[in-house]
Every structure is written in C-alpha cells, then in structure tokens.
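User: Hi! Could you walk me through this one with me? I'd like to start with the charged side chains.

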Amino acid sequence: MVLELGMSDTSMERTGGNPAGLQPIVRVADVHKSFGQVQILKGVSLDVARGEVVVLVGRSGSGKTTLVRCINRLELIDKGRIYVDGELIGYKEKAGKLIPESEAAVARHRRHIGMVFQRFNLFPHLTALENVMVGPVRVLHRPKSEVQQEAQALLAKVGLGEKVHNYPSQLSGGQQQRVAIARALAMKPSVMLFDEPTSALDPETVDEVLDVMRNLAKGGMTMIVVTHEMRFARDVSDRIVMMEAGAIVEAGTPEAFFGNSRSERSKAFLSALQ
Amino acid sequence: MIHIGGISFDLDFFLKYLFNPPEMIWHGILMTIAIAIIAQVAGVVLGFGVAIARLSKFAMLRGLAGLYSWAWRGTPVLVQLLIVYTGVAAAGVYRYPEIALGPLLISGPLQAALITLSLNEAAYMGEIFRGAIQTIDRGQIDAARAIGMRPSTAMRWVILPQAMRTVIPPLGNEFTLMIKGTSLLSVIGVRELFGSVQNINSATFKTFELFLIAAIWYLAMTTVLSIVQRFVEARLRRHELPAAATVKPNRSLLSAR
Ligand SMILES: Nc1ncnc2c1ncn2[C@@H]1O[C@H](COP(=O)(O)OP(=O)(O)OP(=O)(O)O)[C@@H](O)[C@H]1O
Ligand SMILES: [Mg+2]
C-alpha cells in the first residue's frame, strides 16, 4: 500500500551532517536540563533541517527522552535555547533576558510539534476517529465535518480505515500507535517527534508502525526519532545522533555509523544492542 | 387495628396514607427531591473547585482547600446546619430573610439547609474529584499537551471525561446519602418529607405508621436512584467492552516487507 503523509513539497537533499545555510526547523542550542540535583542534559546542540530524519540513539538513561520532551517543552530547560520553525520555545526574549511563557502560550507552539509516545497515550474514552479529531476540533476550533473527513483519510492512510469507531482498548498495540501517529499528524505539524514508538509493541506489530513512519519520511516529514530499531535507522534516517550521559557524542550519516569505518563508540553501542 | 406487642398498628390509616398520600406528603417528597438535587449539583460544582484548588501549584490555595475539606468532613451535618442557621443569624451576619423567586418563596430555613448541604457536599465531592483526577495517567496529560491543549482544554476534554468514570459510582453513593440526609432538615423546620410526616404526626399521633411510610418513600427514592446509577455506569463503561468483532492485527502493512 502507498502512504503519502505530511508534506511533499520538500525536495531537500538528504545529506548527513548539518546542512549548512539552511534554516533549521528545529534548533537545539546548548540545552541544559536537571532533575533536582542531577544534570541530565549537559549542553546539547542539534540542528534539524526541513525534511530531515534524525535518529537518536544511546544507552538507557542517556537523556534521549528528556531531550525530545524538551523540544516541545513537556520539560522545562534550565539553560540554552530551543527554536522550532524559527520560534523560541517556552520563553519570551525581552532585552536579552529569557522570560518563561505561560502554559497557554506554550500550547500554541506545541500545535506545530507532533509527538508520538512509547506508550501511545491514546485517550481511552474516545474512539480512534475522535482521538484524531480532538486536536483540530478542540484546539484549532475547526469545523467538525471538515475535520472528520481529514481524520478518516488519515486513519485510512495508516491502515486503520476499518477501525475508526473502535476504542483504544479494542485495538492492538500497533494499531493504537498508528492512531497516535494519525492524531499527531492531524495537527499538521512541521516536525514529528517519536520517543521509542515501537518498544512497547509486540514484535509482530512493530513493522506496521515502522512502515507508517517510513512513508512519513518519504513524504518529506521532518522527524526526530528515538529508537533501537537499527534497520529503520539505517534505511530511513539521514543522520544518526548518538547520546551518552546527557551529551551528543557522535553524529553522522547511517553509512558512517554502520559502515566499516565506524567509530569504536558506535561499534560498542551496536554490539551492546545485539 | 393490629396489635404488635405494646403498640397498635392502624393498618387502614397506614394503607390510606401510603397509597393515597395527602397533599402534605407529596409536597414533602417534592421538597426532598428538589433539595437533594440542588444541593448535590451545587456540591459537585463547588467540589470540583475544591479539587482543583487542592491540586493547585499554589501552596496557599492547596492549604485553604485542605482546611475546608478537613473542617466540613470532620464535623456532623446536624451541627453544621445549626451553626449555619442559628449561629450565622445570631451573629448578625445574615438573617435569612425570605427570598421570592418568581412564584416560589424560599424560606430562611430552606436557604440555610441548601447552603449547609451544598458546602458539606462540596468537601466530600472535592475528595472524590481529587482522587479521580490523580488516578489519571500522566501520559494522558502529556498527550493532551503535545497536541497543543491548554490546561483548561485538557481538563475539559481529556481529564474530566476520564475522571467522571471514577467519580460516578461514589457520586451515586453521595446522592443516596444526600437524599437520606435531608431528613435532618426537619430540625430547623424545613418541610421536606420527614418534616411533613412529623407535622402530620403531631396532629394524628400515628407515629409508627407515618415513620414507616416515610421509610418506604425514602427507600423508593434511593432504589430508583440506584437503578439510574447502574444505567449511567454501564453507559460510561461502554468503551471498555471489547468489540464484538475483534481485533486481528492488521497485516496489510506488513506486506511491504
Ligand atoms: N521526571 C524525572 N525526574 C527525575 N529524573 C528523571 C526524570 N525523567 C528522567 N529522569 C532521569 O533522567 C535520566 C535520563 O532519562 P531519559 O528518560 O531521558 O533517558 P533515555 O535516554 O530516554 O533512556 P531510555 O532509553 O531508558 O528511555 C535517567 O537517569 C532518568 O532516571
Ligand atoms: Mg527514553
């Protein structure tokens, strides 16, 4: 089946490394983040270009989830800046000083940042269709009938055209995760964040979710994906970024990461995954 | 006339008053229902506010709400009722003048009754709402925020509908207690069911017959309520039931590999 999701007007070249000269969609600049006394992110910088697919890897506890959650400000950062679509996330800048924005103001930014969680987090009291509709209807206040058509099309595109009226509890993990992807896409995000979208799934449903993501990437969606699925990383990503102890320690093309000339670090990481 | 031990039971009177209740009993029943509904609705609305305050990020608000809950749940309703009615009036804070609402005249005792029951109920509902909101998975809030919901939007469309599922069973119990609790109001002269019955009693002295009739009416009201409650709970649970035609993993996407 053919999936066409996201925007297709991006003909950007899929090169590894930081594409110089292009305005990045996501710019993470020297981000620090602590939980209590423990510093979790220690000065992370990462630019993601439009249409780029960045896969974030690293050992458990290295700070991948935290970084992704900082990008849509589900976590507050202590230092540094994060821009999405050129807009500073979570703060207003006044005379060189950063002033935290209210939850309501931050909510406006989040509309354009799609997020898919490890545990799906579908709304259990809503059907698949309603899960996809609730954002456009209740956040963007768009007319229901129009949104419903779009939502139905989105669910059809993730292969769930038959399941629109099922509640999450009536869907398998893979199906729930695809609904969650459709829910995020319904907001027409300019970037999609995925935090281990397949690691809570039964092995047999992993591929149906990865296929949806593959097609999203093909459609030109900008994506930041935390995953341990190395095949996906190798086949789909433009850049693999490795984190260790709250810092980015390596970034490069999949060829560099998986190829013969790979670093000791990536060797160690990959062999630990086996 | 039936004699049971020392008391005599006037069966004719009992049956007549049970199946053909005088105006006064009808009026009492309506009052009981109206008071219970108004106080319960007010208790739910105020209780939600108490819960929000108890979950607030402002320590001051949390403290005040905690104090409120503690005081109202830790004292007897009867005492609260008398403080609100006589105490407040005696202190000159509010003297409960009659209020005319269109054709309805709301007496002083009735005002005090509604205020007391509502505020009391708010304390209990506050705890119930707080518990229900706290049981909701953090991931739900994350997901709501991630699609751009403001806190109030998330509350309305994500948190509250899920919390209601947890709230409905104890809410039904609260309403049952409320209906029964209105019988206390006769103490300050409100003519709800029990007050009306006592009134008839003071003219007829058919105490046992009349109180039995009151009990039967209370039982009828709470029974109807429990049936409604079961119906509502079944409706709220409908999305937890597995679909009749279930759920084989959709394999169509796998064919790509
Ligand atoms: N809310 C929190 N409060 C305190 N510590 C936290 C919190 N969230 C994460 N941490 C800690 O921050 C560190 C990084 O966590 P994070 O979830 O970002 O790692 P990760 O790279 O996503 O790991 P995994 O692969 O296991 O998901 C961990 O040590 C974790 O215990
Ligand atoms: Mg993680």
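Analyst: Happy to. The side chains of A:Glu103 and A:Arg110 meet in a salt bridge, 3.2 Å from N to O (a side-chain nitrogen of Lys or Arg within 4 Å of a carboxyl oxygen of Asp or Glu). This is a predicted model, where local features need pLDDT of at least 70, side-chain atom pairs count only at pLDDT 80 or more, and totals for chains, interfaces and linings use all residues. Side-chain values use heavy atoms, with hydrogens and water left out, residues are numbered from 1 along each chain as its sequence is written, and chains are lettered from A and ligands numbered from 1 in the order in which they are written.

User: Thanks. Is A:Arg110 buried or exposed?

Analyst: A:Arg110 counts as buried, at 0% relative accessibility, while A:Glu103 is partly exposed with 24%. Buried means under 20% relative accessible area, exposed over 50%, and partly exposed in between (1.4 Å probe, protein chains only).

User: How many salt bridges turn up over all chains?

Analyst: The search of the whole structure finds 24. One of them joins A:Glu93 to A:Arg81, with the closest N and O atoms 2.5 Å apart. A:Glu93 lies in strand β6 (residues 91-94) and A:Arg81 in strand β4 (residues 79-84) of chain A, so this pair ties together parts that are twelve residues apart in sequence. Strands here are DSSP runs of E with at least two residues, helices are runs of H or I with at least four, and both are numbered from the N terminus. A:Glu93 is partly exposed at 41%, and A:Arg81 is partly exposed at 25%.

User: And what about A:Glu150?

Analyst: A:Glu150 forms a salt bridge with A:Arg142, the closest N and O atoms being 2.6 Å apart. A:Arg142 is buried at 17%, and A:Glu150 is partly exposed at 28%.

User: Which residues do shared partners join into one network?

Analyst: A:Arg69, A:Arg73, A:Glu75, A:Glu103, A:Arg110, B:Arg138, B:Asp142 and B:Arg145 are joined by salt bridges that share partners.

User: Switching to the sheet: what's the strand order in the open sheet of six strands?

Analyst: In chain A the order is β8-β9-β10-β3-β11-β12, with mixed pairing; two strands pair if DSSP finds at least two bridges between them. β8 (113-116) and β12 (247-252) stand at the edges with a single partner strand each, so one side of each is left without a neighbour in the sheet. On average, neighbouring strands are turned by 20 degrees against each other, direction ignored.

User: How do β3 and β11 of chain A pair?

Analyst: Strand β3 (residues 53-58) and strand β11 (residues 239-244) of chain A pair in the parallel sense over five bridges. A:Val57 stands opposite A:Met242 in β11(A).

User: Where is A:Met192, and what is it in contact with?

Analyst: A:Met192 is in strand β9 of chain A, and it is buried at 0%. Beyond its neighbours within four places in sequence, A:Met192 is in contact (heavy atoms within 4.5 Å) with residues including A:Gly114, A:Val116, A:Ile181 and A:Leu216.

User: Last topic, chain B. Where does B:Ile2 lie?

Analyst: B:Ile2 lies in strand β1 of chain B and is partly exposed at 37%.

Terms used: Axes fitted to C-alpha atoms, helices over the stretch in contact; angles between N-to-C directions.
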